[in-house]
Amino acid sequence: MEHPAKPSDAEMASELARVKAEPLLPAEKWLIGGSVSLGILLLLLLLWVSRVYFPVEV
Amino acid sequence: MRSWFRTEDTLAVILGFLMVTLSMGVVKGVDLLGWVVQAKVWADPALAIVPVSKAYANLGGLGSFALTYAVLVLLLSSGAWFLGERPTRFAVRFVVLFPIAYFCWVLGHYVTIAATPDKLKAFEGATWSLGLTGEAGYLVALIAGLLLGNLSPRIAAWFAPAARSELYIKTAIVILGAALGAKAAEASGIASAILFRGFAAIVEAYLIYWALVYLVARTIFGFSREWAAPLAAGISICGVSAAITTGAAIRARPVVPIMVSSLVVVFSVIEMLVLPAAAKYFLADEPMVAAAWMGLAVKTDGAAVSSGAITASMVLPDSKNGQEWMLLTTSTVKVFIDMFIGIWAILLAAIWATKIDRKPGEGSRGVPFADIWQRFPKFVFGYMATFAGFLALGLSMPEQVKTLKFGTTEAEQMRRIFFVLTFFAIGLSANFRRLWAEGLGKLALVYVVSLFGFVIWIGLVISFLFFGGVQPPAATLTGN
């Protein structure tokens, strides 16, 4: 993987100083909420499948 | 040769395949890799290193070290040429770097540091030991790299062209695939259960961690979208690769993921030092939970798989077989997370192009497939090929599993050498001074809050849910 050159500390400071706050867009809220909800649902599903179809003898 | 082919990932796959292929010579009765140097737990320095195969005993320890050293200089310098770099620039530095790193590895095998209680009796005069096993050499290499890198940044900068932790760990992981594939074949039931549980890691890293870190970075710390997306990827997925791939997906300026990456390396070192020790004390009865936890919580491939190796040696110091199953768990979790980077990047690129960066009246921006593919960690294909190849061979010819395992033993020694190089290189490149650089504190704070606030704890809970009570199967062939 190609890595661009590392910036100096001064360049990093000026880059970070230029960061502006942006309001959270509806699409971002949807992305965050949707990801977490889907994640929890999928984890529950995977947990069930792994215990039923891929059990490990303890 | 095309530039997309001449990458670190391709080189890692070539080197890994080469080692695995050479090691399989023993299956046909030809020992092609037995000259590789191997460190043993020692009290007498003269017995600290030996060739890995008795067939090369006449070389002696120093002879096998010299041969390993020469072959690695030659191979990796050719690799530098393959990557379009000056081979001499690499070689001059590697010639110095390798003996230092290997000395640390050998030092970690000193009886007082490494000998486990059952082995201590074999060493006359030795009455106690830390019992850390020879894997303590990884920590010695890491600490030596950290000291050198942070006390003498100029020396670290000089070493930089040869301190390629990503190349070394990717090569090691491709080699590891063969050994773990052969191992999985002897107990395919638990291996498939571990592989299936790897899907949980994908869900956790991308859907839970990423979203939460993005939320924290955007709302609590006020970072812009351009910063929050790569930062969330760096903290939640797999460090450097994920930050850079995500940066490409949302068309962030290159400086953004690079700054995030410099933080990822520093924090992964902290995790490497703290989490295995925590696992040893709190998860001694749950080795597979500890192993999965390393894969879920520690970022960057190098740090995660290395932490898995250290944790395995700390939690199960007396069982090589158990350590191998733990390492299978950590690497499965990590590689499953890696595999999904491309899909996640395409998803983010599509969302950014159609919903977030789209200006009124403008058409939809295209998804940068070429950028994403170029930055995808392609070495995972090498790991999957060696793992699946050896697993398939073992399952189709069960009577050959023992031979396959024996065949990977010599490549495994080379894998350990690449691990040592990884630890030393990570130490060299982890510049803790960056944490105090002007402005970087806020970025670091997002990392601290996310990592210690929820990433490692959610990782622990998920590891318990999916791996709680699971024990490595008893050794069937190795007798360990």
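Predicted model: local features only at pLDDT ≥ 70, side-chain atom pairs only at ≥ 80, totals over all residues.
# Notebook: helices and salt bridges

I started with Lys183(B), which is buried at a relative accessible area of 1%. Buried here means under 20% relative accessible area, exposed means over 50%, and partly exposed is in between (1.4 Å probe, protein chains only). The areas themselves come from the Shrake-Rupley method with a 1.4 Å probe, and for residues only the protein chains shown count as cover.

Residues are numbered from 1 along each chain as its sequence is written, chains are lettered from A and ligands numbered from 1 in the order in which they are written, and side-chain values use heavy atoms, with hydrogens and water left out.

**Salt bridges**

What is Lys183(B) paired with? I found a salt bridge to Glu324(B), with the closest N and O atoms 3.0 Å apart. This pair links distant parts of the chain, with Glu324(B) in helix H15 and Lys183(B) in helix H8 (residues 165–186) of chain B, 141 residues apart. Glu324(B) is partly exposed, at 26% relative accessible area. Elsewhere, salt bridges with shared partners tie Glu22(A), Glu28(A), Arg218(B) and Arg225(B) into one network.

A salt bridge is a side-chain nitrogen of Lys or Arg within 4 Å of a carboxyl oxygen of Asp or Glu. Helices (H or I, at least four residues) and strands (E, at least two) are DSSP runs, numbered from the N terminus. The idea behind the pairs is that side chains of opposite charge can pair when their charged atoms come close.

I then counted, and the rule gives 10 salt bridges over all chains. One of them pairs Glu22(A) with Arg225(B), where the closest N and O atoms are 3.2 Å apart. Glu22(A) sits in the loop between helix H1 (9–17) and helix H2 (26–53) of chain A, and Arg225(B) is in helix H10 of chain B, so this pair joins two chains. Glu22(A) is partly exposed at 30% relative accessible area, whereas Arg225(B) is buried at 13%.

Next I checked Glu28(A), which has a salt bridge with Arg218(B), the closest N and O atoms being 2.8 Å apart. Glu28(A) is in helix H2 of chain A and Arg218(B) in helix H9 (residues 188–220) of chain B, so this pair joins two chains as well. Glu28(A) is buried at 0% relative accessible area, and Arg218(B) is buried at 4%.

**Arg225(B) and its surroundings**

Which helix holds Arg225(B)? I traced Arg225(B) to helix H10, residues 225–238 of chain B. Leaving aside neighbours within four places in sequence, its contacts include Glu22(A), Pro23(A), Leu25(A) and Glu28(A), plus Tyr214(B) and Trp352(B). Contact means heavy atoms within 4.5 Å.

**Chain A as a whole**

Chain A has 2 helices and 0 strands. Of its 58 residues, 33% count as buried. The chain exposes about 4000 Å², and carbon and sulfur atoms supply 67% of that.

**Helix H3 of chain B**

Where is the kink in H3(B)? I found it centred on Phe94(B), at about 30°. The bend at a residue is the angle between axes fitted to the seven residues ending there and the seven starting there. Among the buried residues of H3(B) are Phe90(B), Phe94(B), Phe98(B) and Trp105(B).

On the surface, Val92(B), Val95(B), Val96(B), Ile100(B) and Trp158(B) form a nonpolar patch, with about 360 Å² of accessible area together. Patches use residues with over 30% relative accessible area and no salt bridge, joining like charges within 9 Å and nonpolar side chains (Val, Leu, Ile, Met, Phe, Trp, Tyr) within 5 Å. H3(B) gives the largest share of this patch, 4 residues. I looked at Val95(B) in particular, and it is partly exposed at 35% relative accessible area.

Arg251(B) has a positive phi of about 55° although it is not a glycine. I noted this because most residues other than glycine have a negative phi. Arg251(B) lies in the loop between helix H11 (240–249) and helix H12 (255–282) of chain B.

Last, Met339(B) is in helix H15, residues 320–339 of chain B. Met339(B) and Met384(B) are 45 residues apart in sequence and 9.8 Å apart in space, C-alpha to C-alpha.
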